[in-house]
Amino acid sequence: MEKTLTIGLTLFLILCLDMPEAGGQNVENSQKSLSHSSDTKGGRCSYTFIVPQQKLTGALCLNTQSATANNLEVAALRAELRQQQEQLEKLQGQLEQEGALAMEVRALHKEINSMNSRIAQLYTQLLHEVIQKKDQALEQRRVENLLLNATTQALQVSSNYRELEKKYGALTSMMSSQTQFISRLEKQCQCRDSTLVTTEPPKSQSNVHPNYSSEANKMTSDVQRDQSALPPQQENTRGVHSPTTTTASTPLDSPVISIPVTKTPGPWRDCQHVLESGETTSGIYLLRPQSDNRLLQAWCEQSQAQGGWTVIQRRQDGSVNFFRTWEQYKQGFGNLDGEYWLGLEHLYWLTKQARYKLRVALEDWQGRQVFADYDRFHLEPESDWYRLRLGQYQGNAGDSLSWHNNKAFTTLDRDKDSYNGNCAHYQKGGWWYHMCAHSNLNGVWYRGGHYRSRYQDGVYWAEFHGGSYSLKRVAMMIKPT
């Protein structure tokens, strides 16, 4: 029994040494239980039996490293946990910073939108002010132009009034002299009836230019015989006078002609301006082209083709000789209410102020009327010999003028055509000759249409009855487009 107790104690001690902590705890627990049992069962006997569970044979192997390994793993886990907590805290800080940045970005976006709307509003306001100032400047310029036009018209009216006063004084003196002359004639003649007998008017000055040669004088007299005009006595009674080379204040040497009573005193730029001013009656009007201080009179045709036509040439009865010099074609000649040529210089200034179109109205001896329109017409200055510039043709008379386009004007004393000789010598009139002509409205006016002549010198339009047919009535008229 003692031997068994000794073996049990030995094993117990060995186990206590291998497992100090567990053993210690077990000893303490056993001691406590023993003491507790001893305390509780103080006066009684207790027995402790140690019975081995199994019989141990051989050496015993115990692992003493498990507790140390568990402690290292726990420490590593705790360190990793602390790192993850630190990273989590960092991520939370960064998230908070990014959230603040996002809020700032949203605030900046709102400010940018408000600034853009404000800028658009300011731009609209500025554009409106610029447009308003531009309108004000335009209105100011318009008022200035109106004021300038009114001032110009006032000056023109004043100038016209002074000119009319001069003309009135001249007419008054002429009337007085004529009255005295008539009274003297009445006393001398002692007429038997009440009819007033007038003496033969004084002979007018010669129509021949000073540079004319004797041959030119002979040819002029031939033209006078060719033209089937009225006798000189009838011409004088009708008030038709052949112009002279020495022109006075007006470009046309015409007698005193009644001018229509107008609503405005003029002068006007052209007959279209006359029509726009409310004057719808055809007649003689006072014109003053822009950029030209010279006044001129012209016949305004307001009854044909919507009116507004400035008549620059007209033939109708052969009462005026068109076999003239350069200076006469430059200044103009004839009777404003009959046959006349307005003048190349006046044509240049008229067609310079705007774009003009040309109408050529023709009538034969059977009463057939045709026309030829050209959508552009103007003349170059005298330095370029009043060269003709024409546009496109339209009409029912045939195109007999485009062949003369871009040609210089030729007269008896200024040969500017392409022919070896002088076309004006053969055609007996000034024109824009080439070699020589497909039309010549300034030739000899023959009565009856077909004529016989050594040269093709009638008033003809080749596409309308040919060159051997002299037309009854022709007129050249211009109008702004």
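Buried means under 20% relative accessible area, exposed means over 50%, and partly exposed lies in between, with a 1.4 Å probe and protein chains only as cover. This is a predicted model: local features need pLDDT of at least 70, side-chain atom pairs count only at pLDDT 80 or more, and totals for chains, interfaces and linings use all residues. Residues are numbered from 1 along each chain as its sequence is written, and side-chain values use heavy atoms, with hydrogens and water left out.

**Stop 1: two positive phi angles**

Select His 465. Its phi is near 80°, a positive value in a residue other than glycine. His 465 sits in the loop between strand S12 (460-461) and strand S13 (473-480). Helices (H or I, at least four residues) and strands (E, at least two) are DSSP runs, numbered from the N terminus. His 465 counts as partly exposed because its relative accessibility is 34%.

Now go to Gln 306. This residue is not a glycine either, yet has a positive phi of about 70°. Look for Gln 306 in the loop between S2 and strand S3 (309-315). Gln 306 is exposed, with a relative accessible area of 70%.

**Stop 2: helix H3**

Select Tyr 123, Leu 127 and Ile 131. Together they make a nonpolar surface patch of about 320 Å². Patches take residues with over 30% relative accessible area and no salt bridge; like charges are joined within 9 Å, and nonpolar side chains (Val, Leu, Ile, Met, Phe, Trp, Tyr) within 5 Å. Areas come from the Shrake-Rupley method with a 1.4 Å probe, and for residues only the protein chains shown count as cover. Tyr 123 lies in helix H3 (residues 66-189). Tyr 123 counts as exposed, at 56% relative accessibility.

Stay on H3 and pick Glu 139 and Arg 142. They form a salt bridge, with the closest N and O atoms 2.6 Å apart. A salt bridge needs a side-chain nitrogen of Lys or Arg within 4 Å of a carboxyl oxygen of Asp or Glu. Both residues lie in H3, three residues apart, about one turn of the helix. Glu 139 is partly exposed at 38% relative accessibility. Arg 142 is partly exposed at 42%.

**Stop 3: other salt bridges**

How many salt bridges does the count come to? The count is nine. Select Arg 294 and Glu 345 for one of them; their closest N and O atoms are 3.4 Å apart. This pair links distant parts of the chain, 51 residues apart: Arg 294 is in the loop between strand S1 (283-287) and strand S2 (296-301), and Glu 345 is in helix H8 (residues 344-352). Arg 294 is partly exposed at 33% relative accessibility, whereas Glu 345 is buried at 12%. Then show Glu 380 with Arg 389, another salt bridge, at 3.0 Å between the closest N and O atoms.

**Stop 4: strands S1 and S2**

Show S1 and S2 as cartoon. They pair in the antiparallel sense over five bridges. Two strands pair if DSSP finds at least two bridges between them. Leu 286 stands opposite Gln 297 in S2. Four of the five residues of S1 are buried.

**Stop 5: aromatic rings**

The aromatic pairs number 18. Rings of Phe, Tyr and Trp (its six-membered ring) pair if their centres lie within 6.5 Å; planes under 30 degrees apart count as stacked, over 60 as edge-to-face and the rest as tilted.

Select Trp 341 and Trp 432. Their pair is tilted, at 6.3 Å centre to centre and 50° between the planes. Trp 341 lies in strand S5 (residues 340-341) and Trp 432 in the loop between H9 and strand S11 (439-440), so the pair ties together parts that are 91 residues apart in sequence. Both Trp 341 and Trp 432 are buried.

Next, Tyr 348 and Trp 349. Their ring centres are 5.2 Å apart and their planes are at 65°, so the pair is edge-to-face. Tyr 348 and Trp 349 are both buried.

One aromatic cluster includes Phe 322, Trp 326, Trp 341, Trp 385 and Trp 432. Arg 315 lies over the face of Phe 322, at 4.0 Å from the ring centre. A charge sits over a ring if NZ of Lys or CZ of Arg is within 6 Å of the ring centre and within 35 degrees of the ring normal. Arg 314 has its charged end over the ring of Trp 299, 4.9 Å from the centre.

**Last stop: a cis bond**

Select Met 435 and Cys 436. The peptide bond from Met 435 to Cys 436 is cis, with omega near -10°. Cys 436 is in the loop between H9 and S11.
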